[in-house]
Amino acid sequence: MKGITLDVLIADEIRSQIENGQYPEDSRLPSERELCDEFSVQRLTVRSSLQILKYEGYIYSKNRSGYYVAKRRITKNLKEFRSTTHILELMGKPSSITLLQFDKIEADKKLAARLDIPIATPLYKLSRLRKLEEEPISIEISYTFAEYVPGLEKFDFTSRSLYAILEKEYHIVMDRAEQEISVIHANEMESELLKVDLGASLIKEHGIVYDTQNRKLEYSENMMLMNRFVFIK
Amino acid sequence: MNYRPPIYMQLRDSIIKKIEDGEYLPNEMIPSEREMAQLYDINRMTVKNAIEVLVRDGYLYRIQGKGTFVRGEKNKLLLGTAGSEANYGISARAKKVGMKASSKVIFHGFVQGYPTMSQRLRLDVADQIFALHRVRYGDEQPLAIEYTYIPGALFEDADLNDYAQVSLYDYMNNKNHLPVEFGQKLMVVGCPQREAGQLEIDPGTAVFCFEYTGRDRSGRIVEFTRTYIRTDKTNFRFSSYRSE
């Protein structure tokens, strides 16, 4: 077909088979030869299709034994504001949280600019590492106005979500978030925690969360593995 | 692997990192070339090279006689995810931040026998699909490569337009099938080889992969687009609301 080469067409076909759940996670994809038969094309064409899917992270190769289907991405809905814990529970995939840091800090110039507050305003900094099936998937850092949530340090952030605590204990209800998604390169801390190479690309989702009284309550920064998430609307 | 990039690239990357981390804020002056050369004990020309690359790529800007400043997010195209924002998207947004927007059509024409696409557009495999592949530029630099597919039956004369000049949505609107509602999907993926060539980046570089399906007022699917977007040139912004 003019304009659309066969390798692209077949890559798209396999891509949608994977998306439709035809192949389970970590299952072996049919061999190159089998795919040649299935699509009645030459080996080079199939190889090129697989290359496309490998770049895009749909499949991975393992010690020359063929191609395997990558883990399904975690779906985050861009319209709905939900805690990641809740999303993963809904997917039937409970995640575990490791507390990295919980401190009362003073806003530096970056946080002051983001939250529109004077430098040195007291904030609670909470950083957590989220794991799914023992694999780290994201680092979640949150800065909350200390003034609104005195005594936040008493609570256990490994078993409850921050938003659940705010709602239950402080009657503060999150209402909306204004967020941005960009791609950054892992620094030393990030590469160590997320087990990726130094400088590897990560998704950074960051933004401001407002409560039902329209107060800026939190600035959050999540560094996420690029091939584990998909955002939909 | 023990490969170490040249010093000017290491410096460039460390400055980019500082901008990403917010250590250098938008419109803040960064240390002078002389200061950086002293600090890292490197040649001033090396610093100059790194800065020049960053100015060219839009991370920094210079004010004569004053210094070098961080452009911050301003030069990055902010793409929304709402239909009108995202999809009228790239060229309109590029113009808004003062870039010169242009497109190059790499393929246009009617195609047939693309089952996955037929399914997405809810068409029969035998139905014609009009395909339009474009590279989008801002200030002559590639920003995105877009693969768009629309049902041939609704747009029989789609092939007559020059889409480097004419907006596809203007044309679809004329045909009374402008997409007004969008289902969207956004991922970060490694850029495949062919797209990397068009975007002038290395294969495997992280890019946004954005897919959307557009429906017209009557709810009919009139568009499917997959686009690969350079992440060093764009950010996505969105608002989300609490749900029960």
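Me: What domains is chain B divided into?
Reply: Domain 1 covers 7–70 of chain B, and domain 2 covers 80–237. The bounds come from an automatic or database domain assignment. Taken over C-alpha atoms, the centres of these two domains of chain B are 35 Å apart.

Me: What kind of model is this?
Reply: This is a predicted model, where local features need pLDDT of at least 70 and side-chain atom pairs count only at pLDDT 80 or more, while totals for chains, interfaces and linings use all residues. Residues are numbered from 1 along each chain as its sequence is written, chains are lettered from A and ligands numbered from 1 in the order in which they are written, and side-chain values use heavy atoms, leaving out hydrogens and water.

Me: How many helices and strands does chain B have?
Reply: Chain B has 8 helices and 10 strands. Chain A has 7 helices and 11 strands.

Me: Why is B:Asp139 called partly exposed?
Reply: Its relative accessibility is 41%. Buried means under 20%, exposed means over 50%, and partly exposed lies in between (1.4 Å probe, protein chains only). B:Asp139 has 41%, so it counts as partly exposed.

Me: Where does B:Asp139 lie?
Reply: B:Asp139 sits in the loop between strand 5 (129–138) and strand 6 (141–151) of chain B. Its phi is positive, near 50 degrees, and it is not a glycine.

Me: What makes B:Asn176 exposed?
Reply: Its relative accessible area is 55%. That value is over 50%, so B:Asn176 is exposed. Phi of B:Asn176 is positive too, about 65 degrees, although the residue is not a glycine. This residue lies in the loop between helix 7 (168–174) and strand 7 (181–190) of chain B.

Me: Why is A:Arg72 called partly exposed?
Reply: A:Arg72 has 42% relative accessibility. A:Arg72 lies in the loop between strand 2 (67–69) and strand 3 (74–77) of chain A.

Me: Which residues does A:Arg72 touch, not counting those up to four places away in sequence?
Reply: A:Arg72 touches A:Ile18, A:Glu19, A:Gly21, A:Glu25 and A:Arg228. Contact means heavy atoms within 4.5 Å. The C-alpha atoms of A:Arg72 and A:Tyr58 are separated by 8.5 Å, and these residues are 14 apart along the chain.

Me: What does UniProt list for residues 4–72 of chain A?
Reply: An unreviewed UniProt entry lists them as "domain: HTH gntR-type". Such annotations may be inferred rather than shown by experiment. Over residues 4–72, chain A is 51% helix and 9% strand. The end C-alpha atoms of that stretch are 27 Å apart.

Me: What spans do the C-alpha traces have along their principal axes?
Reply: Chain B spans about 65 × 40 × 40 Å. Chain A spans about 65 × 35 × 30 Å.

Conventions
Helix = DSSP H or I, 4+ residues; strand = E, 2+ residues; numbered from the N terminus.
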